[in-house]
Amino acid sequence: MPLIELKGIEKEFGSARNRTKVLRSVDLTIDRGQTICVVGESGCGKTTLGKILAGLSTYSGGSYLFEGKEVSQLRGADWNRFRTRVQMIHQNPYESLNPSMMVFDMIANPLRRHKGMRKTGELYAEVSRLLELVGLVPVDDFMDKYPAFLSGGQRQRVSIARILALDPDFIVVDEATSMIDTSLRISLLSTLKDIQDRLGCAYFFITHDLALGKYFAAGKKMMIMYLGQVVEEGDTSLLVSSPRHPYTKAILTAARGNTGILEQTAEERYELLGVDIPSFANIPSGCPLHPRCPQCRKGLCDVEHPGLVRLKDGRRVSCLLYNGEEE
Ligand SMILES: Nc1ncnc2c1ncn2[C@@H]1O[C@H](COP(=O)(O)OP(=O)(O)O)[C@@H](O)[C@H]1O
Ligand SMILES: [Mg+2]
């Protein structure tokens, strides 16, 4: 049984009279210890999906099974257990820590609350272990610090240690390095990978930066989102070496131009048409990309909604160009 199974997840915001659908029919399976990286431009619904996965937000439709149990039906002790096992690292490390609390207490509190640890010696040993795990060493330099004395990267490490105190099975990592100095980014990502190797937690890694996603999800899975929908999903190497969806091709071209991290392939430059990016209030008919897609076929792509189909190489893609290529 997969750890997580989403089927047809929908999310609407707004009042009864003015509703906006932000997630449309999202399907996703995450196994124990797996990493899946979600990439998409700002506002496409990544954080919304991450919050649903972390139990911080409700869904308006579809099904979310955690170890086979529908999350919206969990109550009491089952709900509390779920809420400790799924955790989220937020984007802004300057907002997520209590400014008036020392690092020791930030990590000791969840240990007291969830594990009933009381003895100072025991708490000290466990907080030390967790600080070491996230690379805040020597640990005694950090125990009595307040957030104001920590850098962005160190704050994120404290957030991670606090989460690890709960022994989570699944962690949503939401643009966790975007507010950190570029020079420290890779080191924080290595720490996250290292933690996964040791503890076996699964990650849902959110980024708008395809190059960063490729680095973090190397050898793992990647999922590309556009306007609240999954457009392509599969092995990271497959998606970045031979993208099939026009949107994946376009963001790959853009990422190559920006960073040089992604190697040049024989693939030619692929650019979307320079029209305004549609909003959720006005999602195009048919394929949501069709007004921007250079390969749009009038009478088909603007009419028919492409479902997500699995191709022979195992990836899933939502594009009418590949109708008939399914496995
Ligand atoms: N609480 C909310 N109420 C209303 N609209 C929201 C709320 N949260 C997010 N949205 C809208 O949902 C869309 C997706 O947002 P978000 O999930 O934050 O995107 P991303 O993380 O990919 O940048 C945006 O149009 C945003 O304005
Ligand atoms: Mg976001």
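Accessible areas here come from the Shrake-Rupley method with a 1.4 Å probe, and for residues only the protein chains shown count as cover. On that basis, the protein chain has an accessible surface of about 15100 Å², with 49% of it belonging to carbon and sulfur atoms. This is a predicted model, so local features need pLDDT of at least 70 and side-chain atom pairs count only at pLDDT 80 or more, while totals for chains, interfaces and linings use all residues. Residues are numbered from 1 along each chain as its sequence is written, and side-chain values use heavy atoms, with hydrogens and water left out.

Now for the overall build. Nine helices and twelve strands make up the secondary structure of the protein chain (DSSP runs numbered from the N terminus: H or I of at least four residues for helices, E of at least two for strands). With a radius of gyration of 21 Å, close to the 20 Å that the globule rule gives for 327 residues, the chain is as compact as a globular protein of that length (the radius is taken over C-alpha atoms, and the rule is 2.2 Å times the number of residues to the power 0.38). Of the 327 residues, 51% are buried, meaning under 20% relative accessible area with a 1.4 Å probe, protein chains only.

Strand E1 (residues 4–14) has two antiparallel partners to look at; strands pair if DSSP finds at least two bridges between them. Eight bridges tie E1 to E2 (residues 19–30), a hairpin of four residues joins these two strands, and Leu 6 sits opposite Leu 28 of E2. Five bridges link E1 to E4 (residues 61–66), where Phe 66 is the bridge partner of Ile 4.

How values were computed
Chains are lettered from A and ligands numbered from 1 in the order in which they are written. Buried means under 20% relative accessible area, exposed over 50%, partly exposed in between (1.4 Å probe, protein chains only).
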